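Subject: Handing over a structure, with notes on its pockets

Dear colleague,

I am passing on the structure below, and I would be glad if you could look through it with the notes that follow.

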Amino acid sequence: MAEWIGARNAGRWANLKEFIDSRYPGVFNVEWLFGGKKHGWSLRFKKSKSFCTFVPERARFRVLLVFGGAEQEKVEAILPSLGSHVREDYQGSTTYHDGRWLLTTVDSVKALNDVKRLLELKRRPK
């Protein structure tokens, strides 16, 4: 997979997975999902509802986060402190009946750290 998403992206993938494993030990079921030819594979972290989903793509790595109503308020409170890339992705994301779906590319250390902050808003670490 590192070859598919690229070495730098594979490093960010491993860093984010380690962040989840260390801050939320034993909390989530981790499962690979196949979305068909169009969407390919993804790695989902889920308890009763989805925490986040890693989406490997050719030469990039993206993360899907779904924020419910209360979570959206928390995100919007810190939005100005997020990097422009993640902030623009959030502002351009769609809100559905189950929440606001943010799909963002993790292509820098800043984006990686922003995603970590968003994950901590979704669920307080142990």
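In the second largest pocket, the largest share of the lining, three residues, comes from β4, where strands are DSSP runs of E, at least two residues long, numbered from the N terminus. Please bear in mind that this is a predicted model, in which local features need pLDDT of at least 70 and side-chain atom pairs count only at pLDDT 80 or more, while totals for chains, interfaces and linings use all residues. Residues are numbered from 1 along each chain as its sequence is written, and side-chain values use heavy atoms, with hydrogens and water left out.

A pocket here is an open set of points on a 1 Å grid over the protein atoms alone, where a 1.4 Å probe fits and with protein on both sides within 12 Å along at least five of seven lines, and its lining residues have an atom within 4 Å of a point. Grid points are joined across faces, edges and corners, and a volume is the space filled by probe spheres set on the points.

The second largest pocket has a volume of about 240 Å³ and is lined by 13 residues, of which S50, L64, V66, D98 and W101 lie nearest its centre. Its lining divides into five nonpolar, three polar and five charged residues (Ala, Val, Leu, Ile, Met, Phe, Trp, Tyr, Cys and Pro count as nonpolar, Asp, Glu, Lys and Arg as charged, and the others, Gly among them, as polar). Both β3 and β4 (60-67) supply at least two residues of this lining.

The largest pocket, with a volume of about 280 Å³, is lined by 14 residues, and H39, G40, W41, S42 and V55 are those that lie nearest its centre. At least two lining residues come from each of β2 (41-46), β3 (50-57) and β6 (99-105), and β3 gives the most, with four. By type, this lining holds eight nonpolar, five polar and one charged residue.

Strands pair if DSSP finds at least two bridges between them. β2 and β3 pair in the antiparallel sense over four bridges, with F54 in β3 as the bridge partner of L43, and a hairpin joins these strands through three residues. β3 and β4 also run antiparallel, joined by five bridges, and R60 in β4 is the bridge partner of E57. The hairpin of β3 and β4 has two residues between the strands, and in it A59 takes a positive phi near 65°.

With best wishes
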